[in-house]
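Please open the model in your viewer and keep the sequence panel beside it. The stops below are meant to be followed in order, with one selection at a time.

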Amino acid sequence: AGILSAIEVELAHKMLENGNLMIMMTDGVLDSFGMGGDLAEARLMEYLKGISGANPQQIADMILNEGLKNCGGKARDDMTVLVAKVWRRAA
């Protein structure tokens, strides 16, 4: 968004529950899974389904490393991944 003068924003509301992960990434990471579109999203979802038992930082690192691997080790675009985990607040 920082390099574009006009962007289209899509607002989404999701209810997160205890243990859910929120994963955000730049288009450079998504594109590495299949040059955008539905194929990239499907490949990314399949990859994410294979990840289990890792903390948010490890998951972010795994996604970024897989994206770089998909590009032959050299990023074609900026690649940033942010992963947050939701925990129930203890009383």
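The tour goes from the whole chain to single residues and their neighbours.

**Before selecting anything**

This is a predicted model, in which local features need pLDDT of at least 70 and side-chain atom pairs count only at pLDDT 80 or more, whereas totals for chains, interfaces and linings use all residues. Residues are numbered from 1 along each chain as its sequence is written, and side-chain values use heavy atoms, with hydrogens and water left out.

**The whole chain**

Show the chain as a cartoon and follow the pattern β-α-α-α-β along the sequence, which comes to three helices and two strands. Helices here are DSSP runs of H or I with at least four residues, strands are runs of E with at least two, and both are numbered from the N terminus. Along its principal axes, the C-alpha trace spans about 45 × 30 × 20 Å.

Switch to a surface, and the chain exposes about 7100 Å², of which carbon and sulfur atoms supply 54%; accessible areas come from the Shrake-Rupley method with a 1.4 Å probe, and for residues only the protein chains shown count as cover. Of the 91 residues in the chain, 22% are buried, where buried means under 20% relative accessible area, exposed means over 50%, and partly exposed lies in between (1.4 Å probe, protein chains only).

Contacts, meaning heavy atoms within 4.5 Å, can also be viewed for the chain as a whole: among those with a separation of 6 or more, 65% are accounted for by residues 24 or more positions apart.

**The nonpolar patch**

Select Leu-16, Met-22, Met-24 and Leu-82, which form a nonpolar patch on the surface with about 340 Å² of accessible area together. Patches are made of residues with over 30% relative accessible area and no salt bridge, with like charges joined within 9 Å and nonpolar side chains (Val, Leu, Ile, Met, Phe, Trp, Tyr) joined within 5 Å. Leu-16 is found in the segment before strand 1 (21-25), and this residue is partly exposed, with a relative accessible area of 37%.

**Charges and salt bridges**

Next, colour the charged side chains, counting Lys and Arg as positive and Asp and Glu as negative, without His or the chain ends. With each charge placed at NZ of Lys, CZ of Arg, CG of Asp or CD of Glu, the mean positions of the 9 positive and 12 negative charges are 9 Å apart.

Side chains of opposite charge can pair when their charged atoms come close. How many salt bridges does a search of the whole structure find? The search finds two, a salt bridge being a side-chain nitrogen of Lys or Arg within 4 Å of a carboxyl oxygen of Asp or Glu.

Lys-49 is exposed at 61% relative accessible area, and Glu-46 is exposed at 52%.

Move on to Glu-66 and Lys-69, where the closest N and O atoms of the salt bridge are 3.4 Å apart. Both residues lie in helix 3, three residues apart, about one turn of the helix. Is Glu-66 buried or exposed? Glu-66 is buried, with a relative accessible area of 17%, whereas Lys-69 counts as exposed at 58%. Keep Glu-66 selected and display Phe-33 and Tyr-47, which Glu-66 touches when residues up to four places away in sequence are not counted.

Select Ser-32 in helix 1 (residues 27-32), a buried residue with a relative accessible area of 6%. Leaving aside residues up to four places away in sequence, Ser-32 touches Gly-67, Asn-70, Cys-71 and Met-79.

Then select Pro-56, which is placed in helix 3 and counts as buried at 16% relative accessibility. Pro-56 and Asn-70 are 14 residues apart in sequence and 21 Å apart in space, C-alpha to C-alpha. With residues up to four places away in sequence not counted, Pro-56 touches Val-83 and Lys-85.

Finish at Asn-55, in the loop between helix 2 and helix 3, which is partly exposed with a relative accessible area of 37%. The C-alpha atoms of Asn-55 and Lys-85 are separated by 8.2 Å, although the two are 30 residues apart along the chain.
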